[in-house]
Amino acid sequence: MTVTTSRHLTPASPEPAGVDNRLVVGGVPLAWRSLPTPTLPDPAAVLARSAVHALTAARQHAVHGTELLLSTASRVDATMRAELLEAGFTVGVLDDDGVHPSAPARPRAAEPGRLWLLTSGSTGRPKRVGHTLDTLTTVRADQPDRTWLCPYAPGTYAWWQVVTLSLTQPGQHLVVVEPDELDDWPTVAATHGVDAASGTPTFWRRTLYRDAEALARVPLRQITLGGEPVDQAILDQLREVFPTARISWIYASSEVGASIVVHDGRAGFPVDWLGRETPGRPTLSVHHDELVVTSPYHGAGLAGPIRTGDRVQVLDGRVLITGRLDSDEINVGGSKVSAGVVRGVLAAHPAVAWARVTGRRAPVLGRMVVAEVVLGPSCVDIDEAALVRWCADRLPEHAVPRRIRVLTDIPVKETLKSDV
């Protein structure tokens, strides 16, 4: 790799503590210290050509504090590019030859140390949320040495969570997989000694569905889930494959940072965490079935209680996050149905590898519940009627799916989520 370096720049900060941690990108062993430091405009919206280019931009920011928005070209369409230029960013693709920039019509002064994230866009167009390397660094206590898998798209909140861990903590090594390696990531991980991995529930379900035996050969000691509602079924499936690993799920977002971490192997978090005030930690509450978070790791300009847009349900002493408010609730003839609750019931069926539940227009009722499922490789003899009966035994009549379509593979977006 021959990215132009910023040798003329005087570092604004010392090298980060994890600078000697090992990196593996595309099967090539590297280290943070060996990465070149690209010359970036300031402020810069960098569209990384590959994972290694994204890592070089992250190290450049850690050392020089360049105001940076990092993403991939596929997540920044023409409209978003125009918005970034209008906001004073120089927008450019970063590859082996450096940055290929498009300058804004009205340049502005940079804000040193500012990092910008694009939200996932699950509720519409992605928005910019401001952070710093400090607010994105959510693991601060000393950690046992680990080699982490990073499967996330560069510049997403989840990507920064793993990257900042490796940048700031000695002994936290990183194996990065490119999108075209995702289907074979267990082989890559086993080859390079990965013993900790973070992914969405869809990421884990897809891996279990495609090759559970290959996954079992990865010597995982730490498994982390986040980015989507985490149900009991996926936690139990991972526990069966990795009986001695620590399995954690994390609630985090671009707006409020990492706010909830649960290690007890159960979906949801204890209801007595609501209203608990601890210095330096987020405070959680529920307002009209919506999770509200007051966090010290919030994005720029987002102080105080922040409505997350995520719907919760309190059940058996646990607060369960079931989905987005604007898409989770289905009104069936005046009765409210939680798509997340129905999805959880379907996912608990031993034949179901993945499920998605939505509402569809219907005469008289206005909306009806419908679902899509992917069946486990050995469960192709299960039919729609059997799944409907399973739901009918566990749900009120108006919440039972009226149509269940069987898909042949688990859909996944670049963000590793399946809300496509």
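In the predicted model, the axes of helix α6 (residues 201-216) and helix α7 (residues 232-241) come within 11 Å and cross at roughly 20 degrees. Because angles under 35 degrees count as roughly parallel, α6 is described as roughly parallel to α7. The crossing of α6 with α7 is left-handed. Two packed helices are described in general by the angle between their axes and by the distance between the axes.

The contact between the two helices can also be given residue by residue. On the α6 side, Pro-201, Trp-204, Arg-205, Leu-208 and Ala-216 take part, and they meet Ala-233, Ile-234, Gln-237, Leu-238 and Val-241 of α7. Sorted by residue type, the contact of α6 with α7 comprises eight nonpolar residues, one polar residue and one charged residue.

The description now turns to the protein as a whole. The protein contains ten helices and 24 strands. Its C-alpha atoms fill a box of roughly 70 × 45 × 40 Å, taken along the principal axes. A compact globule with 420 residues would have a radius of gyration near 22 Å, and the protein agrees with this because its own value is 22 Å. Of the 420 residues, 53% count as buried. Contacts were also examined by separation along the sequence. Among those between residues at least 6 apart in sequence, 62% join residues at least 24 apart.

The peptide bond that joins Asp-42 and Pro-43 is cis, with an omega of about 5 degrees. Pro-43 is found in the loop between β2 (28-31) and β3 (44-48).

Positive phi values in residues other than glycine are reported for Asp-289 and Leu-416. Phi of Asp-289 is near 65 degrees, and this residue is found in the loop between β16 (283-287) and β17 (290-294). Asp-289 has a relative accessibility of 42% and therefore counts as partly exposed, since that class lies between the limits of 20% and 50%. For Leu-416, phi is about 70 degrees, and the residue is placed in the segment after β24 (403-407). Leu-416 has a relative accessibility of 2%, so it counts as buried, the limit for that class being under 20%.

How values were computed:
Residues are numbered from 1 along each chain as its sequence is written. This is a predicted model: local features need pLDDT of at least 70, side-chain atom pairs count only at pLDDT 80 or more; totals for chains, interfaces and linings use all residues. Side-chain values use heavy atoms; hydrogens and water are left out. Axes are lines fitted to C-alpha atoms, for helices over the stretch in contact, and angles run from 0 to 180 degrees between N-to-C directions. Helices (H or I, at least four residues) and strands (E, at least two) are DSSP runs, numbered from the N terminus. Angles under 35 degrees count as roughly parallel, over 145 as roughly antiparallel, 65 to 115 as roughly perpendicular and the rest as oblique. A crossing is left-handed if the near helix is turned anticlockwise from the far one by less than a right angle, and right-handed if clockwise. Contact means heavy atoms within 4.5 Å. Ala, Val, Leu, Ile, Met, Phe, Trp, Tyr, Cys and Pro count as nonpolar, Asp, Glu, Lys and Arg as charged, and the others, Gly among them, as polar. The radius of gyration is taken over C-alpha atoms; the globule rule is 2.2 Å times the number of residues to the power 0.38. Buried means under 20% relative accessible area, exposed over 50%, partly exposed in between (1.4 Å probe, protein chains only).
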